[in-house]
Amino acid sequence: MLFSIVVLFAILYFFGDFFSISFDLAFMFLLIFTYFYLFTKKWLLSAILLITVYTLNGFVWFLTFDFSRLFWTEPPLVLAVINFLLTVLFAFILRQLLKKFNFYAMFDHLVKKYYLFSFILITGLFIVNAIHFFYPWPTTFGNLYSSLIIFLYSTNGIIFTAFFIRSELSQEKLNHLASQSDYYNIQSENLHDFKHDYNNILLSLALHIKKK
């Protein structure tokens, strides 16, 4: 999966000159989201994975190519190798963290699809990236500052979504417990009514036997 995404970024990098930046961003987001959705079949999980992968790639790019502009006008070729190695390293660390905290398991119990929430997350990511690429930042520090805004949006979006999912799961669990409580209350009332009717039948039989 990681290799396929790296290939996609490479294709967009080499053929990006033929299209506008906004088209490249929208097309890249659409392809990555579709790629994840084919595997997960979940809108919200696909949106979170898109933001996670894009943030990971952007963070590594920031550490290598963007940060190097403070020291070199043209970054050396060795940074490309460092970029690839850091991407693989951070992807491995991220994968282990997701498995440790059972991140994917949270989405398995969600009942709703959250189409609108997923669309808002991806649209927000597109907007902060559009500001980063279209605004003519006068200095290198301004460009780095806009990259930091993208990183903050992505991390806050992931954290907010995680808390939101936990809240939804807690609410669904409470609703399930409430429905079970209602069910048992109804069964208890039915049992009480049956017991009352049964006692009346026994009393009637006893009186009938006594008279005979």
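**Labels and their grounds**

Tutor: Start with a pocket. This is a predicted model, and its second largest pocket has a volume of about 650 Å³.

Student: Which residues line the second largest pocket, and which lie nearest its centre?
Tutor: The lining has 21 residues, with T52, L94, L97, L98 and I158 nearest the centre. Four helices each supply at least two lining residues: helix 3 (43-68), helix 4 (78-100), helix 5 (103-108) and helix 7 (140-211). Helix 7 gives the most, seven residues.

Student: What classes of residue make up the lining of the second largest pocket?
Tutor: The lining has 17 nonpolar, three polar and one charged residues.

Student: Why is T55 called buried?
Tutor: The cut-off for buried is under 20% relative accessible area. T55 has 10% relative accessibility, so T55 counts as buried. T55 lies in helix 3. Leaving aside neighbours within four places in sequence, T55 is in contact with F151 and S154.

Student: Why is I122 called buried?
Tutor: The relative accessible area of I122 is 17%. That value is under 20%, so I122 is buried. I122 lies in helix 6.

Student: What does I122 touch, leaving aside its neighbours within four places in sequence?
Tutor: I122 is in contact with F29, F33, A47 and L50, with those neighbours left aside. Take A47: I122 and A47 are 75 residues apart along the chain, yet their C-alpha atoms are separated by 6.5 Å.

Student: Why is T155 called partly exposed?
Tutor: Buried needs under 20%, and exposed needs over 50%. T155 is at 23% relative accessibility, so T155 falls in between and counts as partly exposed. T155 lies in helix 7. T155 and T52 are 103 residues apart in sequence and 8.1 Å apart in space, C-alpha to C-alpha.

Student: Why is I149 called partly exposed?
Tutor: I149 has a relative accessible area of 35%. That value lies between 20% and 50%, so I149 is partly exposed. I149 lies in helix 7. I149 and I131 are 18 residues apart in sequence and 9.9 Å apart in space, C-alpha to C-alpha.

Student: How do you know that the reach of helix 6 is close to the expected span?
Tutor: The expected span is 1.5 Å times one less than the number of residues. Helix 6 (residues 115-134) has 20 residues, and 28 Å is expected. From first C-alpha to last, helix 6 reaches 28 Å. Conclusion: the reach of helix 6 is close to the expected span.

Student: Which residues of helix 6 are buried?
Tutor: F117, S118, L121, I122, G124, L125, V128, N129, A130 and H132.

Student: How does the reach of helix 4 compare with the expected span, and what is buried there?
Tutor: Helix 4 has 23 residues and reaches 33 Å, close to the 33 Å expected. Its buried residues are L79, N83, T87, A91 and L98. An α-helix has 3.6 residues a turn, so residues three or four places apart point the same way.

Student: What makes the phi of K41 worth a remark?
Tutor: Most residues other than glycine have a negative phi. The phi of K41 is near 60 degrees, a positive value in a residue other than glycine. K41 lies in the loop between helix 2 and helix 3. N102, which follows helix 4, also has a positive phi, near 50 degrees.

Student: What makes up the largest nonpolar core?
Tutor: The largest nonpolar core has 30 residues. F29, L44, Y54, F103, F107, L110 and I165 have the most contacts inside it. Helix 2 (21-40), helix 3, helix 5, helix 6 and helix 7 each supply at least two of its residues. The largest share, nine residues, comes from helix 3.

Student: Which residues does F107 touch, not counting those up to four places away in sequence?
Tutor: F107 touches K42, L44, L45, I48 and I165 on that count.

Notes:
Residues numbered from 1 in each chain as written. Predicted model: local features only at pLDDT ≥ 70, side-chain atom pairs only at ≥ 80, totals over all residues. Heavy atoms only, no water. 1 Å grid on protein atoms, 1.4 Å probe; cavity = no way out; pocket = protein on both sides within 12 Å on 5 of 7 lines; lining within 4 Å. Points joined across faces, edges and corners; volume = space filled by probe spheres on them. Nonpolar A, V, L, I, M, F, W, Y, C, P; charged D, E, K, R; others polar. Buried < 20%, exposed > 50% of the residue type's maximum accessible area, 1.4 Å probe, protein only. Core = buried A, V, L, I, M, F, W, Y, C linked by side-chain atoms within 4.5 Å. Contact = heavy atoms within 4.5 Å.
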